[in-house]
Amino acid sequence: MRALHALLRALRTRRKHPETDPIATPDHPGLADLLDAARAPATPEELAGEHEMVAAFVAHRRSAARSERRRHAKARIRAVLVPATTGLALLILTGTAVAARTGNLPQGAQQHAHSLFSALGVPAPGTGTPTTPSPSRPGPRPSLDVTALTWCQAWGGADRPLSREDRRRLSKAAGGEKHIGKYCRDLHRSASASPSPSAPPSTPVTPSAPPTPAPLGPSDPVQPGLPATSEPVPTATPPSKPGRPTHTGKPTDVPRGTGKPSKSREPKKNTDKHNAGSPGVAAPTTDSAERGQPE
Amino acid sequence: MPDTDLTDALRAAQQGDAAGFATLWRTHHPSVLRYLRVLAGDHAEDAASETWLHVIRDLQHFDGDHDGFRGWLFRIARHRGIDEKRRQSRTRETATPPTRTAPDAATQAAEGAATTWALTVIAGLPADQAEAVMLRIVIGLDVATTAGILGKKPGAVRIATMRGLRRLALHPQIRTREGV
C-alpha cells in the first residue's frame, strides 16, 4: 500500500520536475537497505585478483615498450632507406638524361627519346657520338678500322665529344692517349689508300643510305658505303660522315674536314669548327681534343 | 579517495606505473564486478577480467580525467558483459539452464552475503532497469554518463531507473524487510 503511494508520488513529482530524481534517495527502508547492501565496501574476495591483473599490466607494458623500440628502429631504417633510394633513382635518371643528350642510348631508346624530347636537344640515333654497339647490332660488325675511323672523327672534332667508353677504346687501339693523333692520321691514310674493304658489309644493311649520296658523288664509290657503316638506321644520317669521301679523292695528309660541312645537314657550329681546323691535321686534332675532353 | 588522487593514479598508470594501475583497479574493480554480476550472472568474473585486459591494452590511448575514465571503464565492461551473456546463451543449449534463485543459507552467512542478495534481487529486474539502477544508483554515475554507456537518451535512463526502483520496492523480500 505504501509502495503504491510512493509510486503515485513519484509519477507526480516527475511530471512537475523532470530534472530532479526523487527516487534516487528513497525513503523506503527496505529499498534503502537493498541499495546499501549493493553499495557495500569491497570484500577481500572481490579484491583477490589484484596481483594477477597488475602482473598483466606490467607484462603488457613491457611488450608494448619492446614493440615501440622495434617501431623506432624501423622508422630509423626507413629514414635512411628513403633518401638513399631517391638518390639512386635520381642518379639513374640523370645518367639516362645525359646519355640521351649525348646520343649514347641504345638505338631504339635513343629514337624514342628523340621523338619525345627533340626540343630539349636529344639527338636522333646515330647523329650523336657514334657508339660501338649500334653498328654491331644490325649486321656484321665492321672492321676495327671503320669503327676506329668514326672514333677518330668524333675525337678529332665532330660536333659532339667522344663518349668516355669510346675514347678509352680508341686510346687502347692506338696504344695510349698520346698516340691517338698519329694513330688516326695513319688510319685515315690507310683508309683512303684502300677504301673499298670497309664499304661492302654495311651497304646492304641500310636501305636509305645508298640512294641519297649516290647522285651527289657518283664518281666516288666509297661515299655511300662509309657513312652507312656507322649509321644503320634509316634516318637522315648519311651526310653525317661525308667528310670521308673528300679525302678519298685526295690521299694527302689533310684527311679531314673540308668536305664535311658542305652537306648542310650538320649544325652550323660544326661547320665553323671544321673550317677553322682545315689548314693542318695535327693542330686541329689536338686543339679540338682538348676542347672536347672536359665536356 | 578524492577524484584528484584518482586522476593522478590514472596519469601514472598511463605512464606505465603499476602502483597507479593498482589504485585504479582497487577502486573500480568491485563496482565493475557487481555490475557484471547483474549483467552477465555467473560469467561476471570472466567478463571483468576481459574488461581490465581491454583497459590495460588501450589505457595509453585514453584521453580524459578520472570521471571520463569511469564512463569508459563501464562502457567496456558492458560490452564484455554482453559478449559473455551471448556466449552463455549459446552454451545454454547443451548445459543445464542456470537458475536464478536466491543464494542459499551458507552463502548468506558468508561475508558479503547481503551484497550478493541485493545484486541477485536487482538482477531479477528487466535488463534495462537493472542496468540503469546499477549504474545510476548503486555505482553513482551521473545521468549523462549512464546514458552514454547504455546508448540511450538521458530521459529514457531516468525512466528506466525509476521503474526499476519502483519494481524493487514491490519485491516481496524487500517488503518483508520493510519493518526491520
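How many of the 11 residues of helix α6 (residues 113–123) of chain B are buried? The points below take up this question and others on the model, which is a predicted one.

1. Helix α6 of chain B. This helix is mostly covered, as 8 of its 11 residues are buried. The buried positions of α6(B) include the alanines B:Ala113, B:Ala118 and B:Ala123. Buried as well are B:Leu119, B:Val121 and B:Ile122, together with B:Trp117 and B:Thr115.

2. Make-up of chain A. Chain A contains 14 helices and 0 strands. Its pattern along the sequence accordingly reads α-α-α-α-α-α-α-α-α-α-α-α-α-α.

3. Burial and surface of chain A. Chain A has 295 residues, and 39% of them count as buried. The accessible surface of this chain is about 16600 Å². Carbon and sulfur atoms account for 62% of that surface.

4. Contacts along chain A. Among contacts in chain A with a separation of 6 or more, 58% are between residues 24 or more positions apart.

5. A helix pair between the chains. Helix α3 of chain A (residues 50–101) meets helix α3 of chain B (residues 44–58), with axes that come within 10 Å and cross at roughly 30°. Because angles under 35 degrees count as roughly parallel, α3(A) is described as roughly parallel to α3(B). The crossing of these two helices is right-handed.

6. Residues at the α3(A) and α3(B) contact. From α3(A), the contact is made by A:Met53, A:Ala56, A:Phe57 and A:His60. From α3(B), B:Ser49, B:Trp52, B:Leu53, B:Ile56 and B:Arg57 take part. Sorted by class, this contact has 6 nonpolar, 2 polar and 1 charged residues.

7. A helix pair within chain B. Helix α7 (residues 127–138) and helix α9 (residues 154–169) of chain B pack with their axes 8 Å apart, at an angle of about 100°. Since angles of 65 to 115 degrees count as roughly perpendicular, α7(B) is roughly perpendicular to α9(B).

8. Residues at the α7(B) and α9(B) contact. On the α7(B) side, the contact is made by B:Asp128, B:Gln129, B:Ala132, B:Val133, B:Arg136 and B:Ile137. By class, the contact of α7(B) with α9(B) comprises 7 nonpolar, 3 polar and 4 charged residues.

Notes: Residues numbered from 1 in each chain as written. Chains lettered and ligands numbered in written order. Predicted model: local features only at pLDDT ≥ 70, side-chain atom pairs only at ≥ 80, totals over all residues. Heavy atoms only, no water. Helix = DSSP H or I, 4+ residues; strand = E, 2+ residues; numbered from the N terminus. Buried < 20%, exposed > 50% of the residue type's maximum accessible area, 1.4 Å probe, protein only. Contact = heavy atoms within 4.5 Å. Areas by Shrake-Rupley, 256 points an atom, 1.4 Å probe, with all protein chains shown as cover. Axes fitted to C-alpha atoms, helices over the stretch in contact; angles between N-to-C directions. Parallel < 35°, antiparallel > 145°, perpendicular 65-115°, else oblique. Left-handed = near helix turned anticlockwise from the far one by under 90°. Nonpolar A, V, L, I, M, F, W, Y, C, P; charged D, E, K, R; others polar.
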